[in-house]
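Here is a short report on the sheet, the helices beside it and the nonpolar cores. Please keep the model open while reading.

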Amino acid sequence: MIKKILISQPKPGSDKSPYYDIANNFGVELDFRPFFKVEGLSAKEFRQQKVNLLDYSAVVFTSRHAIDNYFKLAQDMRITIPETMKYFCVIETIALYIQKYVQYRKRKVFFGNSGKIDSLIPTMVKHKDEKYLVPQSSVHNDSINELLTNNKLHHKECVMYRTVSNDLTEDEKKNFDYDMMIFFSPTGVRALKQNMPDFVQGDVKIAAFGPATAKEVEAQGYRLDLEAPSKEHPSMTGALRAFLEKNK
């Protein structure tokens, strides 16, 4: 019987999250506890990349972390970002987040519609004379670089933040009594192994979102009990609801 579930993500900002409906419908207790956290590079670390923020006329943002760390580094290095700077975001919610730092004007903030860089490319090509800076995490692949290069866009990738393990406290390890754990990235799975090398899965169910996360669960020697997205359940909440229904 599944009574207590660990979800390796930050707690939802809204009471309307489908996770809370699941908790009420199935009488399960949900704990939101990320196994890793994002940490910005210091100005000293960033300078080692020899990137000057003012050499670029546009910035490509793929996440809120990228926005936070771009403006934090500018402040730390006492750089004033010009009002003429253009911002290209992979989705509207990220574009709206820019309002935290600059006045939102449609003529300088652009966004895609899929959450992926691909949907942003046609807009970027229309502004092909811009010099694009792409802030990234220390863990990334070359897909953005290849896409921008193939579209003949002048660009530069740089690292502005990294993912680090958000270690469990001794109390958390001692009271680790979950019936199920849900992971959303390979980093989270590796962090579990790092924090609790002696963890024996037994009857504990493990769920993974995305093929890379699912692969990492098995690579770490754990049993994968639920994988999303699937054709029937594109979201983790949908897959979890069906799983709990089946295992009542």
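Two strands count as paired if DSSP finds at least two bridges between them. Strands (E, at least two residues) and helices (H or I, at least four) are DSSP runs, numbered from the N terminus. The model is predicted: local features need pLDDT of at least 70, side-chain atom pairs count only at pLDDT 80 or more, and totals for chains, interfaces and linings use all residues. Residues are numbered from 1 along each chain as its sequence is written, and side-chain values use heavy atoms, leaving out hydrogens and water.

**Sheet.** An open, mixed sheet holds six strands, ordered β3-β8-β7-β4-β5-β6. The edges are β3 (36-40) and β6 (109-111); each has a single partner strand, so one side of each lacks a neighbour in the sheet. β3 and β8 (residues 154-165) run antiparallel, joined by five bridges. In this pair, E39 stands opposite R162 of β8.

**Helices.** Two helices pack on the sheet. Contact means heavy atoms within 4.5 Å. Axes are lines fitted to C-alpha atoms, for helices over the stretch in contact; angles run from 0 to 180 degrees between N-to-C directions.

| Helix | Strands touched | Angle with β8 |
|---|---|---|
| α3 (residues 64-76) | β3, β4, β5, β7, β8 | about 105 degrees |
| α8 (residues 186-195) | β3, β8 | about 30 degrees |

**Core.** A nonpolar core joins buried (under 20% relative accessible area, 1.4 Å probe, protein chains only) Ala, Val, Leu, Ile, Met, Phe, Trp, Tyr and Cys residues through side-chain atoms within 4.5 Å. The largest has 42 residues; L53, F61, Y70, Y87, M124 and M160 touch the most other members. Its largest share, six residues, comes from α3.

Definitions and conventions
Buried means under 20% relative accessible area, exposed over 50%, partly exposed in between (1.4 Å probe, protein chains only).
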